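Subject: The structure I promised you

Hi,

Here is the structure we talked about, ready for you to open. Have a look around first, then read on for what turned up.

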Amino acid sequence: MEPLNLWSPATFSEGVPYGYFRHLRDDAPVSWHEHPVWGGYWSVTRHADVQRVSRDSECFSSQPNPFMAEDQPPAANDEFTSGMLISLDPPDHTKMRKIINRGFTPRRVRDLEANIQATVDRLIDQVSARTSCEMAGDIAVELPLQVIADLVGVPTEDRHKIFHWTEMTFGFDERFSPEEQQEASMNMFAYADQMCEIRKKEPHDDLISVLMEGEVDGESLDQIQIDAFFMLLQNAGSETTRNLITTGTMELLRHPDQMRLLRDDPSLIPNAIEELLRYTTPVMQFVRRPRHDTMVGSQRIKAGEPVVLWYCSANRDERAFDNPDTLDVTRDASQHVAFGAGGPHFCLGASLARLEAKMMFEAIIGRFEGLELGVDDPSTLPRLHSNLIDGYAEMPLRWKSVKPAA
Ligand code: HEM
C-alpha cells in the first residue's frame, strides 16, 4: 500500500483512513514515516503498543509538546506551549496536575450538572420551532464552551468574546490568518490576567480561584502557568466534546438499528457514549519522545525520535475489540483509548465530557421526532482541517417536530 502523509491535515479531509491503519497494524505496527519538518516519526498503531508507550512516562517524554507538527515549524510561542500541563513530564506535571485536579473533583463536576442540563435544553429549544438546523454551529459548538465558562467562572456578559477568540485560535478554520489567531491568543491571556486580578481582591468559588490558591510542596502556579492552563482548557474541553456530539449523532443516524436500541432503552446511553468514543475517536493522536533508546513491539526506537500514538487506530484494533468496524452500543468498549491510553496525562475532563454527552444524547434521542441527516451523501460534508481532531465542520439535520424538555 502507498504510504500516506499522516502528518498532513489534507489526508484526513475525507475522514480517517481506517483501511490504511488496518494495513499498518497488520504489516508494520510500528513504522517509520517521513515528515517535512521532523525528518520522520514512528507511527504506533496497535492498542497494546499505544498503551505501553502512554503508560511509560519514565521513558517517554511529552516535551517539548505532544503535538504533531504540520509542514511548517511551529510558530513563536514554543516556550509557552512546552509549559502547558499537557507538555510537562513528572515531577513538574505531577505537581501542576495536583493543583488543577482540585478544580475537577466529583463535587465540582456534579455542581455543573444543573447548568449543563439547562444549556442543553436551551440549545434544543432554540431550534425547536424549525424543522432543520446545522448541528455543529447551532447546537454542538456552544455546549462545551458554556460548560468551561461555568467551570472557570467567566461572567455571562463576557462569554461571547471568549467563544469568538476560542473559535479563532482553535477552530481549525482556514478563514483566520496566523496573525489573527495570535491576536486572539493574546486577548485570551489578557482576559485570564484580568480574571486573576479580580479574584486577588475577592476570591470566587471557581476554577480560576482554585488555581490561584493551590499549592504543592510550597509552590503555587505563576501567572503564565494559569494563562497557559486557561488556553489549554478552552481547546481541550471544547473542540473534543463538540465533535463527539456531532460525529456521534451522525453515526447513530447512519446506524438506525443502534439509534432504535437507545430510543427503546435510554439507560443504554452511557454505554453507547463509550462505544461512540471508541468508534469516532475525536482526538486522533498525540506524540511522545523516548529519553533513551528503547523497544516498542519489535521495533528499536532511538532517543528523541518522535513517536505518534494513533488512538484512532488503537480503537479499531481487532486484537482489542471484536468486529472493531461495527458500531455496537451494547458492547463493552471500556478499553477504548479516546481519552488517552492511561498514564499521567489521561484526560482530566473525561467525567465532564461524559456528563455533557449523556445529557446531550438523551435530549437528541428523546426530543427530536423523525430526525435525519440533511444530506443524502454524508461523504460530501466538509470536515475539520486537522491532523489532531476528527470531525465535521458542518452537519445539516432535519426533523418533523421537537418535543418540549422533560
Ligand atoms: C470527548 C471529549 C474529550 C476527548 C476525546 C478528550 C481526549 C483527551 C486526550 C486523548 C488527552 C490526552 C491523554 C494522554 O495524553 O494520555 C486529553 C487530555 C486532556 N484533556 Fe481531554 N478530552 C475530552 C474532553 C475534555 C474536557 C471536557 C476537558 C476539560 C474541561 C478536557 C481537558 C483535558 C486536559 C486538561 C488534558 C491534559 C491532561 C494532562 O496533560 O495531564 N478534556 N484529553
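This is a predicted model: local features need pLDDT of at least 70, side-chain atom pairs count only at pLDDT 80 or more; totals for chains, interfaces and linings use all residues.

Let's begin with strands E2 and E10 (residues 307-310): they run parallel and are joined by three bridges.

On to E2's other partner. E1 (residues 30-35) pairs with E2 (residues 39-44) in the antiparallel sense, and six bridges hold that pairing. How many residues lie between E1 and E2 in their hairpin? There are three. You can trace the pairing residue by residue: valine 30 faces valine 44 in E2, and histidine 33 stands opposite tyrosine 41 in E2.

Now zoom out a bit. These strands belong to an open sheet of five, in the order E1-E2-E10-E7-E3, and the pairing in it is mixed. Its edges are E1 and E3 (60-61), each of which pairs on one side only. As a general point while you look at strands, side chains in a regular strand alternate between the two faces of the sheet. Helix H2 (residues 47-55) lies across E1, E2, E3, E7 (285-290) and E10, and its direction makes an angle of about 125° with E10.

There is also an open sheet of three strands, ordered E4-E13-E12, with antiparallel pairing. Here the edge strands are E4 (132-134) and E12 (372-373), each pairing on one side only. E12 pairs with E13 (residues 396-398) over two bridges, in the antiparallel sense. Which residue of E13 is the bridge partner of leucine 373? That would be leucine 397.

Next, the helices. Two packed helices are described by the angle between their axes and the distance between those axes. Take H10 (residues 178-201) and H12 (residues 223-254): their axes come within 9 Å and cross at roughly 120°. That angle is why H10 counts as oblique to H12. The crossing of H10 and H12 is right-handed. On the H10 side, the residues that meet H12 are Ser185, Met188, Phe189, Ala192, Asp193 and Cys196, and on the H12 side they are Gln223, Ile226, Asp227, Phe230 and Met231. Sorted by class, this contact of H10 with H12 has seven nonpolar, two polar and two charged residues.

Another pair to check is H6 (residues 113-127) with H16, which pack at an angle of about 35° with their axes 10 Å apart. H6 passes H16 in a right-handed crossing. H6 brings Glu113, Ile116, Gln117, Val120 and Ile124 to the contact, while H16 brings Leu355, Glu356, Met359, Met360, Ala363 and Arg367. That contact of H6 with H16 divides into seven nonpolar residues, one polar and three charged.

Finally, the ligand. Which residues come nearest to the ligand, of the 26 around it? They are Gly237, Thr240, Gly340, Cys347 and Gly349. H12 shows up again here, giving the shell its largest share, seven residues. H12 and H16 (350-367) each supply at least two residues of that shell. By class, the shell around the ligand has 17 nonpolar residues, eight polar and one charged.

Cheers

How values were computed
Residues are numbered from 1 along each chain as its sequence is written. Axes are lines fitted to C-alpha atoms, for helices over the stretch in contact, and angles run from 0 to 180 degrees between N-to-C directions. Helices (H or I, at least four residues) and strands (E, at least two) are DSSP runs, numbered from the N terminus. Angles under 35 degrees count as roughly parallel, over 145 as roughly antiparallel, 65 to 115 as roughly perpendicular and the rest as oblique. A crossing is left-handed if the near helix is turned anticlockwise from the far one by less than a right angle, and right-handed if clockwise. Two residues are in contact if their C-beta atoms, placed from the backbone, lie within 7 Å. Ala, Val, Leu, Ile, Met, Phe, Trp, Tyr, Cys and Pro count as nonpolar, Asp, Glu, Lys and Arg as charged, and the others, Gly among them, as polar. Two strands pair if DSSP finds at least two bridges between them. A residue is near a molecule or strand if its C-beta atom, placed from the backbone, lies within 6 Å of it.
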